[in-house]
Structures are given as C-alpha cells and as structure tokens.
Amino acid sequence: MHASLHCAALLGATAVPVSVQVDLARGLPGFFLVGLPDAACIDARVRVVTAVRNAGWELPHKRVTVNLAPGDVRKEGAGFDLAIALGLLQAANLVAPAAGPMLVMGELSLSGDVLPVRGVLPISLLARRMGIGRIIVPELNGPEGALVEDLRVDAVRTLAEAAQVFSGELSVPPSPAEAQPSRDAMLDLSDVRGQETCKRALEIAAAGGHSALLVGPPGAGKTMLARRIPGLLPPPSFEEAVEATSVWSVAGRLGARQGLLTQRPFRAPHHTISVAGLVGGGSPPRPGEVSLAHRGVLFLDELPEFGRAALEALRQPLEDGEVAVVRARGAALLPSRFMLIAAMNPCPCGYEGDPRCQCTVLEKQRYRRRVSGPILDRIDLHVEAGALKPSELAAMPAGDSSAAVRDRVAIARELQRQRFRAMPGVYANAQLRGRALRELSRASSDARAVLAKMMERLGLSARAHDRVLKLARTVADLDDGHPTVEAKHVLEAVQYRCLDRPVQGRSAPPVPSIHLARDAALQAVPPDASSGAIPEVT
Ligand SMILES: Nc1ncnc2c1ncn2[C@@H]1O[C@H](COP(=O)(O)OP(=O)(O)O)[C@@H](O)[C@H]1O
Ligand SMILES: [Mg+2]
C-alpha cells in the first residue's frame, strides 16, 4: 500500500519540488522517515501519528516508511506534516486518492489543526510552473497562494478538512487578504526645513534606485530625511511586489492572512546587528535585512558604528543584487536589490569644522576608515547635511511635499521601465553596469569629455566612473527625460561624491575634505555654466 504526493522545500527564496512517498507494509509496527530531514522535519513522525489519531482515524498496526525525495535536498521544518498525514491516510485506505495532481503544504498540531508555514507564495509559483493546478495550504497562508493566477487554492484549518478537500468532497477557497496598515503617511518631506542639496540628492536616489550616504553633524536632520524616503518612492510594480513578498514569506515575516506587500519594504536595523542578521545565514539559513529590504530601502543610521565584518559583508549584495547564504550543502541565493541609505557624522564628536570639535586628525581618520573605500565606492551619492541653528530652522523654506517629489520620481521611473523593457529584472538606472550602461546612458561627447576630465582630476576608480555615469543618467531622466546625458548632468552627478578621495601618498595624508569633489567640479565649470549653458571642455 503506497501513496505519493507533491510537496516542496525552500532553497533561498525559491521552492524546489519534493515528492512525499508513503509506504505501509506488514512487519513490526514502526515509523521511518528518510530523505535528509532536519530535526524539526523528523519530528513529523510524532505530530502526524498523534494528529491522525486525534482527528478520529485509527491507523493499522503496520510498518510506515516515508521517503522525501530527492534525497540530496535538505528538508527543513514541519511543512511536510500535512502531506505525510494525507499520504498515510491514503495508503491505509482511510481516504480516497486525490482526483488529480495537487501540491500539499502545512504543519500539524497534535490536535489536528493545520498551522501556517513559510514560503507559500514561492511554493504556489512552483506548483503553477510544474503544471500542478491545485494546492492545499494552511488557512492563514491562503491569501499568499491566491496571488498566483490559474491555480486552485484550498486553505484548510484542520486535517479532517484537508482530507475532505483531498478526496474532492469539499472546497475551501482562501479568505481575502487582510488590509495592511499604511505606513507613516504622516512623514512628509516638507517637515524638513532647508537641506536642499540633501533633498535633491534623495530625489535622484529615489528616481534611479541609487544608494546614498548623508554626512553631517548631529541634529542636522539626517535621520529625519532618511525616514521620508519611502514616501518618495512609487509603489512597487506587481512583479517587484511578488519578489519582495516571496522573500518575506520565506523569512516567515508575513502576517497571518497577509497577501502581497503593497508598500516597498523599509528596514532600519540597529548598528549592533550581526553579520548573519544583516546579510542572512544561520542554521537553518534565514534571509537577512538586505533581502528583507529587496525592492525597498535599507537604512543604516550611524554607519561607522556597524561592525566591520557586517559592513564588508554588504559588498556582495550591493554589487550583485543577491547574496549567497552558505549552507551545509551548497549555497542558496537570496535576492537583495535594495536602495542603501546610510547616515554618519563627519567625525567622532560630529562637529567637524565647528569650534566645538575636539577630534584630532588621527581620530578623524580612524573614524572615517571604519567605512572602507570599497563600501564608499559602492554608494552612488555622498551628500553633506549642513548644521542648522534653531533660529535659522524656522526661517528656512519647507520645500516640496513628498507627493510632488514622488510624482517626478514616478515619471523618471516610467522612462526607465521603458528603457529596460528588454532586460528582465532590471527596473532602475542603479542596476546598470558595463556595456549596457555605456550604451543605454547615451552620453554626449561633451558629457564623456567632462567625465574623463573629472576622473583624472579626482583620481576616481573605474567603478566610481560608472557610478557617476549612472547618476548622470538619472539626473537627465529628471530633467524632463532628456534623451542624452549632457555635460551639465555629469557635473551635477559628480558633486554627489563628497567623500571621494584621490589616492594619497604615504606621507601625512590629510583628512579628506568633503568639499574636494565639489571644489574640483566648480573648477571644471567655466563661469557661464551657472546659467545652465553646456560648458566647453578644454
Ligand atoms: N532640517 C530640519 N528641519 C526640521 N527639523 C529638523 C531639521 N533638522 C533637525 N530637525 C529636528 O531635530 C531633530 C533631530 O534630527 P535628526 O534627523 O535625528 O538629526 P540627525 O540624524 O542628523 O542627528 C528632528 O527630530 C527634528 O525635530
Ligand atoms: Mg540621526
């Protein structure tokens, strides 16, 4: 007596098929579970037998063998319980076999209730890809399954209900998704007075999905600005939302009966976070903050206070948009395409340039070096938030509302969507690199000449060159969708590199001036450029 059911295991943010095979044979009664189960999975033996008995069935005194195939994929957690239980009931002729192929996921309580599991959205997507038209999931995960078109979803509360659905006597459509509270509608950009350069930089960041670093003294409004970024971003497209929701589902972070994430994630971990907490890992491996921020914002306040190892671990996700989480058997890839927004003080006391500042040159250098060059190089915009006196604050203009900026950002993002039509998974200028960047940015010869000159003057790396070009593309997109990148766009873009430093000799490197790039940019602009005319390059 044998039964075989479709089930799934999670590998990173995707699901892989698992077949649950149940065999009942004569012999000494016993329950064997094989196929690389972890501790929680192997406990299914106890949960399943107890739940079946408490749901009112009497199992024959036989030897039960359950195999979870393929044997080389690790089976984690209790999500296989329901499939094992239904397989057992079918093999014992206690329920009729399913009419057609279906995939079954769910954990069982001892009383026979079906408890929620992680990853129902990617598992439902897998079912559709495999051509399995039906899935049975726990009631609390129903709305996740319902996101997938052309898939019949039954969202069950108990093992008894699941058995009836399985044999075709009952149908339990999922309940509608519960509304998510809308976030921080109260936080508006116009609350922040002054800081025009920062606001412009954040508008560019939002428009092209670029990462940004705000540098300034305490109380300048850096945290305030960063928390207003979600309000500048258009809502995610359906594809982006499905990607983000899949990660949250795998991480077990979706609430009960939650459907699609309707807002882009905003994650702001504390600086004491571990490497695994930030980039993912642990045992069993879980997505880190970089993946939870996928298609949204990762805000790292007080950047130099983060552990060195944690900051360095950001390199791969920042560069590749995905992160490899190493496991006992191979590595799982998790998506991590986020906008990094970081904030830091210019020196340990925070008041560099002010008579209050007591920091020595050495202390300043040490503080700056906590954020390594390779990390700074991967942040597209570096901007300074100047100190504001309380008396000045009141007199400062409020500037544009978040809604006004969001409208401009939405237009620029739409241009990018058109531009990247033929490139699946690419939605924003920040994702461009290499040849695609050079071709799609469409820089005029003037713009290229200015860029080459700035590279030389500032001693920029090849990576920094690409960052400036991408940024200039976004500046042009915000400039009424200018089809080509012009010199003026490059000149604006290069100013957002205030922490770039030329390679210094060994002797007494000065503390890099955060005005360096701006001074050099101004030198490169002839006097008439302020009128908006394209400067000539000599
Ligand atoms: N530019 C600004 N406009 C309005 N309020 C400000 C501004 N800068 C600072 N504040 C006030 O100071 C408080 C601290 O600002 P915060 O963003 O935490 O500064 P930072 O992160 O730069 O140290 C804010 O809650 C706000 O009340
Ligand atoms: Mg702050």
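Let me start with C349, which counts as partly exposed because its relative accessibility is 28%, where buried means under 20% relative accessible area, exposed over 50% and partly exposed in between, with a 1.4 Å probe and protein chains only. C347, by contrast, counts as buried, at 0% relative accessibility.

Please keep in mind that this is a predicted model, in which local features need pLDDT of at least 70 and side-chain atom pairs count only at pLDDT 80 or more, while totals for chains, interfaces and linings use all residues. Residues are numbered from 1 along each chain as its sequence is written, chains are lettered from A and ligands numbered from 1 in the order in which they are written, and side-chain values use heavy atoms, with hydrogens and water left out.

How many disulfides are there? Taking a disulfide as a pair of cysteine sulfur atoms within 2.5 Å, the count is zero. The nearest cysteine sulfur to C347 is that of C359, 3.7 Å away, and the sulfur of C349 has its closest cysteine sulfur in C359 as well, at 3.6 Å, which is too far for a bond.

Now to E139, which is buried, with a relative accessible area of 11%. Beyond its neighbours within four places in sequence, E139 is in contact, meaning heavy atoms within 4.5 Å, with A155, V156, R157, S175 and R257.

Finally, a pair of helices, which here are DSSP runs of H or I with at least four residues, numbered from the N terminus. In helix 20, V468, L471, A472, V475 and A476 meet H489, V490, E492, A493 and V494 in helix 21.

Notes
Helices (H or I, at least four residues) and strands (E, at least two) are DSSP runs, numbered from the N terminus.
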